[in-house]
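Subject: Structure handover

Hello,

Here is the structure we discussed. Please open it first, then read the notes below.

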Amino acid sequence: MSEVLRVENLHKRFGPLHVLRGINLSVKKGETVVILGASGSGKSTLLRCVNFLEMPNEGRITVEGKLVGRATTKPGVMAYSNAELNALRARVGMVFQQFNLFPHMTVEGNVMIGPMKLRGMSADAARTLAHDNLRRVGILEKAREYPARLSGGQQQRVAIARALAMEPSMMLFDEATSALDPELVGEVLLSMRRLAEEGMTMLVVTHELGFAYNVAHRVIFLEGGEVHEQGTPQQVLLNPQRERTRDFLRSHTLFRLPEPGGGL
Amino acid sequence: MGYEWDFAAVFRHSGLLLEGALGTFRLAGMAILIAIPLGLLVALLRLSRLPVISWLAVIYTDVFRTSPSIVLIYWFFFAFPLLVGVDFDTFTAVSLTLGLQTGAYMAEVFRGGIQSIRPGQWQAAKALGMGPAMTLRYIILPQAVRRMIPVFFTRLTELFKATSLAAVVSYAEVVQMASRVSSETFRPIETYTVVALFFFVVIFLASRLVRYAEHRFAVPE
């Protein structure tokens, strides 16, 4: 299968803080990769570097076979043009923890604005596309509502539809369910799972181990800005090899319900 | 003491007052046309990441906000033409002065409005592939301007009333005309009562209009 994303030797520093220390990562078309790690391990920063919401200090990022930016005289340091980055972001969808819907636009307006202003679509075509994608996340009936009238789970599904309407080659999820009330987490995870099953390429930062276990093709455990351990969900989640991975999983599964009742 | 009110004398000169009212509207209109785009521009400069540009904007707003309007009007009418060697007519001098000063206030209003929008909005637009100009136009300003409406209106009210200062350089706005009418009719009380009513009615109607607009374009939050 073809490679949608390749990250090579990625470094990110915030002042004296060295958050990412040489990340290497490859995501194939149709693959869902879940990134786990304690807070401060650099997982959100990694995700935000992939679509350049954070600028990497060093390293190469290749999306759909196209290297982003051009090399400079400094080894490993790349230079980027704004136009190139905007075009790249239009091809990589992102869903945020806080939804970040545009409150002054209706639900369909939120989904239409990208295709209209960035892909030159007519309002009619964009509305059709918006409705298709709202249906995809099961929220078409709210098309004319304003975001403030929606629950967190509904808002997050609209945010997913907004990203999908750009017809991205991959989707990034940055703790998409962390800000939700517990009873609203499921509907968002289900939408994400359906997307994965449709063959969307996804890079997912989450604390939902059940989602990782049931949906991911591959799990990456990040620790101290490095890939600490990776493998299939069965390998990493059920049979972790490294001590830090075990600690992390232990702290996340301290209290469990007896079977049945677990799982997604 | 019994004062004999007599508005008839004033109404015989209503043509002059009307002319003055038109002058007032023209002044205010031109000043607004200058102030709003200028305010937005200065606010954006102020928010620039380049310290030099941001400082220029700060200097501009501080100079114009700290000077009394009447001093600025004298300065632009008498002093500035000497510096640049171009004569200003009174309309140009006063509308420019009030426009530049209101622009400085507007800049702060725009800046506050823009900064009140959560950074997540910028990020979401950026993640879609929008550049800063597009984000500002479609995402940030439509939200910011809604929040700015009340303060915006206060500033415009101040501007509208400040046009009366144009009388000091004998521009034919409503207060200047009123002083002419009152000296011809010897009816200053009636004349200035009419002028006060004029300001009240215009600003009152405008405030209702603004309240309606606020309601009309409100978005659930």
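This is a predicted model: local features need pLDDT of at least 70, side-chain atom pairs count only at pLDDT 80 or more; totals for chains, interfaces and linings use all residues.

Residues are numbered from 1 along each chain as its sequence is written, while chains are lettered from A and ligands numbered from 1 in the order in which they are written.

**Helix H4 of chain B**

Helices (H or I, at least four residues) and strands (E, at least two) are DSSP runs, numbered from the N terminus. H4(B) covers residues 69-84. H4(B) still bends, by about 40° at Phe76(B). That bend is the angle between axes fitted to the seven residues ending there and the seven starting there.

Which residues of H4(B) are buried? They are Ser69(B), Leu72(B), Ile73(B), Phe76(B) and Phe77(B). An α-helix has 3.6 residues a turn, so residues three or four places apart point the same way. The buried residues of H4(B) pack against H5 (90-115) and H7 of chain B. Just after H4(B), Gly85(B) has a positive phi of about 75°.

**Where chain B touches chain A**

Two residues are in contact if their C-beta atoms, placed from the backbone, lie within 7 Å. The contact takes 22 residues from chain A and 19 from chain B. On the chain B side, H6 (119-128) and H7 (132-162) are the elements that give two or more residues. H6(B) gives the most, 7 residues.

**Chain A**

Chain A has 9 helices and 12 strands. Its radius of gyration, taken over C-alpha atoms, is 19 Å. Buried residues make up 47% of the 264. Among contacts between residues at least 6 apart in sequence, 65% join residues at least 24 apart.

UniProt, in an unreviewed entry, lists residues 5-249 of chain A as "domain: ABC transporter". Positions follow the numbering used here, feature names are shortened, and annotations may be inferred rather than shown by experiment. That span is 38% helix and 26% strand.

Best wishes

Notes:
The expected span of a helix is 1.5 Å times one less than its number of residues. A residue is buried if 20 or more other C-beta atoms lie within 10 Å of its own, exposed if 12 or fewer, and partly exposed in between; C-beta atoms are placed from the backbone. The radius of gyration is taken over C-alpha atoms; the globule rule is 2.2 Å times the number of residues to the power 0.38.
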